[in-house]
Every structure is written in structure tokens, then in C-alpha cells.
Amino acid sequence: RWWQGVTGYQWLVLLVAWLGWVFDSMDSTIYAVVLQPALHEILGPGTATKGIEWYGGIVFSIFLIGWALGGVIFGIMADYVGRTKTLIFTILIYSIFTGAAALSQDWWHLAIYRFLTALGIGGEWAAGAALVAETWPEEKRAKAAGVLQSAWAAGFFIAALANLFLGTYGWRIMFLIGIFPAFVSLLIRLLVKEPDRWVKANETRKMVLQKVQRSR
């Protein structure tokens with residue numbers, strides 16, 4: 001069976017990466033859930049439905065741009081500062097700025113917060129997937145990636161449940177819920193180390209740079 005031979009630490013790495021992606025999904029879904037009430041309040045009660053859809057589409061487009069940029073920027077960062085450190089940083093980014101979206105007083109405030117949130121969301125996937133791939137045995141990575149991808153559905157479900165029980169308290173409360181994933185970063189900081197493959201590659205890179213500097 002594919003899960004036989006997997007160590008407890010490898011399962012732990014998969015779990016923290018999975019949780020990071022769960023809350024990625026949750027924070028992404030929160031906007032879709034609160035779009036109508038949030039923009040209705042921000043733009044004013046007299047705003048037509050088309051106006052809400054227009055500004056909602058702009059905010060979502062900006063979010064997607066941030067997601068793409070975050071994947072590129074933090075994917076590069078993960079190569080230089082480490083998978084674990086980058087994973088912690090990106091989770092903190094999307095948690096803090098999802099919560100900060102509750103402070104929005106205009107549509108462009110919301111757009112800025114969602115852009116910054118998206119940077120963390122895109123970066124978290126890049127760092128988390130690399131961390132799992134470099135920790136799990138090569139012949140089992142495809143299965144681990146499949147488990148990791150299931151986190152998106154779980155996050156969507158959590159956002160829906162949060163809206164069911166807390167949505168009546170207002171859209172700002174929903175955004176504040178997005179702060180809770182920050183606690184996952186503490187778990188990662190305490191329990192997860194940099195993959196041995198990255199440590200060796202980083203040492204090799206430093207040696208090469210030192211040789212280049214000496215040759216100058």
C-alpha cells in the first residue's frame with residue numbers, strides 16, 4: 001500500500017502543508033461568500049446590482065493577478081531562504097491581510113487587501129508543494145500531491161460553514177475569521193525543518209558563490 005513506509009515526520013510535513021492549503025482555500029472563498037453584502041455596504045445601499053458586479057469583478061481580477069505574482073515571487077524566495085521559512089511567511093501574509101480586509105471603507109481598500117492576500121496564497125502553494133516533494137519519497141510524491149490538492153475542497157467547506165453560523169454577524173466578521181490560519185505558522189515554526197535536499201543545494205550554491213567572489 002502506498003502509505004506504508006512513510007515516516008511520522010513525512011506525514012507531519014504533509015499535514016502542515018495541507019492545512020496551509022486548506023486555509024488558502026478558505027480565505028479565497030470568503031470573498032466570494034461576502035461579495036454582495038460587503039460591496040453593497042461599501043458602495044452604498046443605492047448601488048445597482050450591475051455596479052456591485054462590476055467592482056466585484058475588478059477586485060477579483062486584482063486578486064488573481066496577486067495570486068500569480070505571489071507564486072512567482074515566493075517560489076524564487078523559497079529557493080534562497082528556504083521552504084519552511086517561506087511557507088511561514090506566506091501563511092502570515094494571507095492571514096493578516098484577509099483579516100485586514102474587515103477594515104475596508106471603499107472598494108479600492110478591499111482591492112488592495114485582496115491583492116496582498118493573494119500574494120501569500122500564491123506563494124504558500126509554491127512553498128508547500130516544494131516542501132512536500134522534497135520530504136516525501138520520490139515514488140510516493142504523486143499520492144502526496146493528490147492528498148494535498150484535496151485541501152482546497154476542505155477549505156471551501158470550512159468557509160461555507162463559517163458563513164452559515166457566523167454570516168449573520170456581518171461580512172467583516174467573516175474576514176476576521178481569516179486571521180486564524182496564522183496559528184498554523186506557529187506549528188510549522190516549532191515542528192518542521194528545512195528539507196535535507198534544500199539544505200544540501202543551498203550549501204552548494206553558497207560554495208559556488210564564494211568561489212566566484214574569490215576568483216574576482
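Because the model is predicted, local features need pLDDT of at least 70 and side-chain atom pairs count only at pLDDT 80 or more, whereas totals for chains, interfaces and linings use all residues. Residues are numbered from 1 along each chain as its sequence is written, and side-chain values use heavy atoms, with hydrogens and water left out.

The protein comprises nine helices and zero strands, where helices (H or I, at least four residues) and strands (E, at least two) are DSSP runs numbered from the N terminus. Its C-alpha atoms fill a box of roughly 65 × 50 × 25 Å along the principal axes. Of the 216 residues, 43% are buried; buried denotes under 20% relative accessible area, exposed over 50%, and partly exposed in between, with a 1.4 Å probe and protein chains only. Among contacts (heavy atoms within 4.5 Å) with a separation of 6 or more, 84% join residues 24 or more positions apart.

The largest nonpolar core holds 45 residues, of which I30, Y31, L110, V132, F175 and I188 touch the most other members. Such a core is a set of buried Ala, Val, Leu, Ile, Met, Phe, Trp, Tyr and Cys residues joined through side-chain atoms within 4.5 Å. Helix α1 supplies the largest share of this core, 15 residues. Beyond residues up to four places away in sequence, Y31 touches L39, G56, V59, F60, L110, R114 and F175.

One of these partners, G56, is placed in helix α2 and is buried, at 4% relative accessible area.

Aromatic rings of Phe, Tyr and Trp (its six-membered ring) pair if their centres lie within 6.5 Å; planes under 30 degrees apart count as stacked, over 60 as edge-to-face and the rest as tilted. This rule gives 10 aromatic pairs. F63 and W67 form an edge-to-face pair, 5.7 Å centre to centre with 75° between the planes. Being four residues apart in helix α2, they are separated by about one helical turn. F63 is buried at 3%, while W67 is partly exposed at 24%. The rings of F74 and F89 are also edge-to-face, since their centres are 5.8 Å apart and their planes at 65°. F74 lies in helix α2 and F89 in helix α3, so this pair ties together parts 15 residues apart in sequence.
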